[in-house]
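The following paragraphs lead through a single chain, from its annotated region to individual residues. Please keep the model in view while reading.

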Amino acid sequence: MKLDNLDRSILAALQRDARLTNVQLAEEVGLSPSPCLRRVRLLEEAGIIGGYHAALDRTGIGLGLTVFVGVKVDRHHAEEAAAFREAVALLPAVVSCHLVSGESDFLLQVVVPDLAAYESLLMEALLKLPGVSDIRSNFAIATIKGQTALPLDHLPQPSTAGRD
């Protein structure tokens with residue numbers, strides 16, 4: 001799906017405040033409510049809008065420790081990779097997992113209450129993941145920037161033809 005300027009405006013507004021009503025959103029982006037709702041539905045159906053969520057303060061809810069975990073695996077067989085991915089997906093403390101280049105094969109972002117909780121996760125789950133040969137943990141001291149909004153201004157420019 002090619003995004004035009006109205007789609008970008010809708011996405012930017014929803015990233016700022018996903019609780020906007022359709023009427024508020026339409027007013028903000030300069031559309032009437034019906035075409036605005038139609039565009040939002042198309043963005044949802046295309047998977048560009050994958051859902052709506054509340055941004056929580058990790059420390060405020062008792063999840064004060066963020067750990068970036070580099071995981072190296074023994075081999076890169078399809079079955080073992082699938083088993084690793086499935087096992088990681090089942091760990092609620094792992095809030096993101098990326099296949100990366102460099103020293104590690106995967107980079108996990110783990111959020112837990114404290115060091116004792118991370119030690120437990122490490123010993124009981126992470127070290128037992130399929131194919132793991134090495135784990136390196138990096139503890140976040142402070143979060144300098146923790147945005148979830150994507151940089152829409154870096155998208156390729158749309159063609160001049162628009163749609164409603």
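According to the UniProt record, an unreviewed entry, residues 3-64 carry the annotation "domain: HTH asnC-type"; UniProt positions are given in the numbering used here, feature names are shortened, and annotations may be inferred rather than shown by experiment. Over residues 3-64 the chain is 53% helix and 0% strand, with 38 Å between the end C-alpha atoms. Helices (H or I, at least four residues) and strands (E, at least two) are DSSP runs, numbered from the N terminus.

The model is predicted: local features need pLDDT of at least 70, side-chain atom pairs count only at pLDDT 80 or more, and totals for chains, interfaces and linings use all residues. Residues are numbered from 1 along each chain as its sequence is written, and side-chain values use heavy atoms, leaving out hydrogens and water.

An automatic or database domain assignment divides the chain into domain 1 (5-46) and domain 2 (59-140). The C-alpha centres of domain 1 and domain 2 are 36 Å apart.

Strands β2 (residues 94-99) and β3 (residues 106-112) form an antiparallel pair over five bridges, where pairing requires at least two DSSP bridges. C97 stands opposite L108 in β3. Six residues lie between the strands of this hairpin, in which G102 adopts a positive phi near 110°.

The loop between α5 (115-124) and β4 (132-139) contains A125. A125 counts as buried because its relative accessibility is 16%; buried means under 20% relative accessible area, exposed over 50%, and partly exposed in between (1.4 Å probe, protein chains only). Not counting residues up to four places away in sequence, A125 touches L91 and S120, contact meaning heavy atoms within 4.5 Å. A125 and L91 are 34 residues apart along the chain, and their C-alpha atoms are separated by 8.2 Å.
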